[in-house]
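Subject: Structure for your review

Dear colleague,

Please find below the structure that I am handing over to you.

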Amino acid sequence: MLKVRIGKEGNTPFNFELPATEINDENFLDNIKISGAIIDEGNFFVVRGKIFCRKKFICDRCLTEATENQEHDFEEELNPEEIVDDEIDLTEIIRDNLLAGQPLKNLCKPDCRGLCPVCGKNLNNGRCECDKDFVDPRLAPLKNFNSIEEV
């Protein structure tokens, strides 16, 4: 658990390294680094910081394994009732922000060319010799469809 004891001066900085196993996702590598501060705003507290991590994934276009360094900003408001013994548990905040900050599409590189739809060759490694003009027989009648005739 990541607990931070709140200081009396109104701004409490924190720095943690969390083992990737704590996130319950085997795709995170190494330790996850978290830094930030808890700011006393009077009626509530603001937890603000950054999460630094490294993640492995399968590229959505070419299906190769890749890794990327990630950086996630986070900011959460907490009510004083959420504080127990002058400590704030940041575990859920970190886990939720880290998982919510994951990209919808994982690409090994921004210009990934993916796989050939005919032979399955990884097009990042070179061109293939497949006929790209292949038309699904069910859609072949649409190939000759150029315009709508006016009635």
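Two strands are taken as paired if DSSP finds at least two bridges between them. In that sense Asp40 stands opposite Phe45 in β4. Please bear in mind throughout that this is a predicted model.

Overall composition

The protein contains 2 helices and 6 strands, and along the sequence these elements follow the pattern β-β-β-β-β-β-α-α. The C-alpha trace spans about 75 × 45 × 20 Å along its principal axes. The radius of gyration of the protein is 25 Å, whereas a compact globule of 151 residues would have one near 15 Å. Of the 151 residues, 32% are buried. Among contacts between residues at least 6 apart in sequence, 52% join residues at least 24 apart.

The sheet

Four of the strands form an open sheet in the order β2-β3-β4-β5, with antiparallel pairing. The edges are taken by β2 (11-19) and β5 (65-78); each has a single partner strand, so one side of each is left without a neighbour in the sheet. On average, neighbouring strands of this sheet are turned by 15 degrees against each other, direction ignored.

The pairing can be followed strand by strand. Between β2 and β3, which run antiparallel, there are 9 bridges; Asn11, for example, has Ile39 in β3 as its bridge partner. Strand β3 (residues 28-40) is joined to strand β4 (residues 45-58) by 10 bridges, and these two strands also run antiparallel. Here Ala37 has Arg48 in β4 as its bridge partner. β3 and β4 form a hairpin with 4 residues between them. In the turn, Gly42 has a positive phi of about 100 degrees.

The helix on the sheet

Helix α1 (residues 91-100) packs on the sheet and touches β2, β3, β4 and β5. The direction of α1 makes about 130 degrees with that of β5. The buried residues of α1 are Thr91, Ile93, Ile94, Arg95, Asn97 and Leu98. What covers them includes β2, β3, β4, β5 and β6 (87-89).

Leaving aside neighbours within four places in sequence, Asn97 is in contact with Ile51, Phe74 and Glu76.

Aromatic rings

How many aromatic pairs does a search of the whole structure find? The search finds 1. The ring centres of Phe14 and Phe16 are 6.0 Å apart and their planes lie at 35 degrees, so the pair is tilted. Phe14 is buried, with a relative accessible area of 6%, while Phe16, at 22% relative accessibility, counts as partly exposed. A further ring, that of Phe28, has Lys55 over its face, at 5.6 Å from the ring centre.

Two further positions

Lys3 is found in strand β1 (residues 3-5). At 41% relative accessibility, Lys3 counts as partly exposed. Not counting residues up to four places away in sequence, Lys3 touches Phe16, Glu87, Ile88 and Asp89. The C-alpha atoms of Lys3 and Leu115 are separated by 46 Å, the two residues being 112 residues apart along the chain.

Is Pro117 buried or exposed? With 74% relative accessibility, Pro117 counts as exposed. Pro117 has its place in the loop between α1 and α2 (140-143). Its C-alpha atom is separated by 58 Å from that of Asn43, which is 74 residues away along the chain.

In brief, the account covers an open sheet of 4 strands, helix α1 packed on that sheet, and a tilted pair formed by Phe14 and Phe16.

With kind regards

Key
Residues numbered from 1 in each chain as written. Predicted model: local features only at pLDDT ≥ 70, side-chain atom pairs only at ≥ 80, totals over all residues. Heavy atoms only, no water. Axes fitted to C-alpha atoms, helices over the stretch in contact; angles between N-to-C directions. Contact = heavy atoms within 4.5 Å. Phe/Tyr/Trp six-rings, centres within 6.5 Å; stacked < 30°, edge-to-face > 60°. Buried < 20%, exposed > 50% of the residue type's maximum accessible area, 1.4 Å probe, protein only. Lys NZ or Arg CZ within 6 Å of the ring centre and 35° of its normal. Rg over C-alpha atoms; globule rule 2.2 N^0.38 Å.
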